[in-house]
Amino acid sequence: MPKKVDHEARRQEISEALWRIAGSRGLDGTSLRDVAAEAGISLGRLQHYFRTRDEMLLFALQHINRLAADRIRARIEALAEEPTPRDVLRACLSGMLPLDERSRVGLLVGAAYYARAVHDEDLRAEAKNGIPPLRAFFADQLRLAADRGELPPERATEDEAMLLISVTEGLATYVLLDVHGPETALRLLDLHLENLFGPERAAEGGAGRAAGNGAGRATEMPAPSGPVAP
């Protein structure tokens, strides 16, 4: 309904104002009044959409996760018609890295949420809930790669999938800390994939059909385990 759509749009605009604050100075001490000022609306109008600060924070975290999932899904759909599991994994994982200014701001927002989530049960639950389905999706791609003969079967596990998530999030964190730049983070991600899959090679024989199956499942990728980019 028109009113419902407008209501949702206003909530999203308020979330984006909150992200701008989080990206520039974190969330500690940020009040509803601060966010209202950033959004260019009155405090009373903001409270029409969010009664409490915690309600606003939780909605903003859920919204940024949905946008991140949509962005990474678009990266997968932009791949070749029949991408390999390795292609799908690289598209997902590189989408979790701060490779440009927009994704860097997204990671800064994510860091602000993580800092609060340690002591906030609702935010912590929202951040944690994304991890199991993402791990399962990556494990599914690894098993598909093993079925295609592209990966040793013993490495097609949820533990290996969790390592992919952890390595990528660590690389992303070090970009934010200026330990290394985005190009180095992407190079190290590719090195990790090469250590897992071996050197890239052209698909052989009937592999294309299996790859198509992988691409079909890829479009159902769950949200990343934490905020990635708005």
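## Close-up views of a predicted helical model

View 1. At a relative accessibility of 6%, Phe 59 counts as buried, because the cut-off for a buried residue is under 20% relative accessible area. This view, like those that follow, is taken from a predicted model. The structure holds two aromatic pairs, and in one of them the rings of Phe 50 and Phe 59 have their centres 5.5 Å apart with an angle of 50° between their planes, so the pair is tilted. Phe 50 is buried as well, with a relative accessible area of 0%.

**View 2. The aromatic pair of Phe 137 and Phe 138.** These two residues form a tilted pair, in which the ring centres lie 6.0 Å from each other and the planes make an angle of 50°. Phe 137 has a relative accessible area of 7% and is buried, while Phe 138, at 0% relative accessibility, also counts as buried.

**View 3. The chain as a whole, as a setting for the close-ups.** The chain has 11 helices and zero strands, so that, read from the N terminus on, its elements run α-α-α-α-α-α-α-α-α-α-α. Of the 230 residues in the chain, 46% are buried, and the chain exposes about 11,600 Å², of which carbon and sulfur atoms supply 51%. When contacts between residues at least 6 apart in sequence are considered, 73% of them join residues that are at least 24 apart.

**View 4. The crossing of helix H6 and helix H9.** Two packed helices are described by the angle between their axes and the distance between the axes. The axes of helix H6, which spans residues 101-117, and helix H9, which spans residues 158-176, come within 10 Å and cross at roughly 105°.

View 5. Asp 178 is found in the loop between H9 and helix H10, the latter covering residues 182-197. Although Asp 178 is not a glycine, it has a positive phi of about 60°. Is this residue buried or exposed? With a relative accessible area of 61%, Asp 178 is exposed.

**View 6. Gly 26 in the loop between H1 and H2.** The loop that holds Gly 26 lies between helix H1, residues 2-25, and helix H2, residues 32-39. Gly 26 is buried, with a relative accessible area of 19%. When residues up to four places away in sequence are not counted, Gly 26 touches Ile 21 and Ala 112. The C-alpha atoms of Gly 26 and Ala 111 are separated by 8.2 Å, although the two residues are 85 residues apart along the chain.

**View 7. The covered helix H5.** Helix H5, made up of residues 85-94, is mostly covered, since eight of its 10 residues are buried. The buried residues of H5 are Pro 85, Arg 86, Val 88, Leu 89, Ala 91, Cys 92, Leu 93 and Ser 94.

Notes: Residues numbered from 1 in each chain as written. Predicted model: local features only at pLDDT ≥ 70, side-chain atom pairs only at ≥ 80, totals over all residues. Heavy atoms only, no water. Axes fitted to C-alpha atoms, helices over the stretch in contact; angles between N-to-C directions. Helix = DSSP H or I, 4+ residues; strand = E, 2+ residues; numbered from the N terminus. Buried < 20%, exposed > 50% of the residue type's maximum accessible area, 1.4 Å probe, protein only. Contact = heavy atoms within 4.5 Å. Areas by Shrake-Rupley, 256 points an atom, 1.4 Å probe, with all protein chains shown as cover. Phe/Tyr/Trp six-rings, centres within 6.5 Å; stacked < 30°, edge-to-face > 60°.
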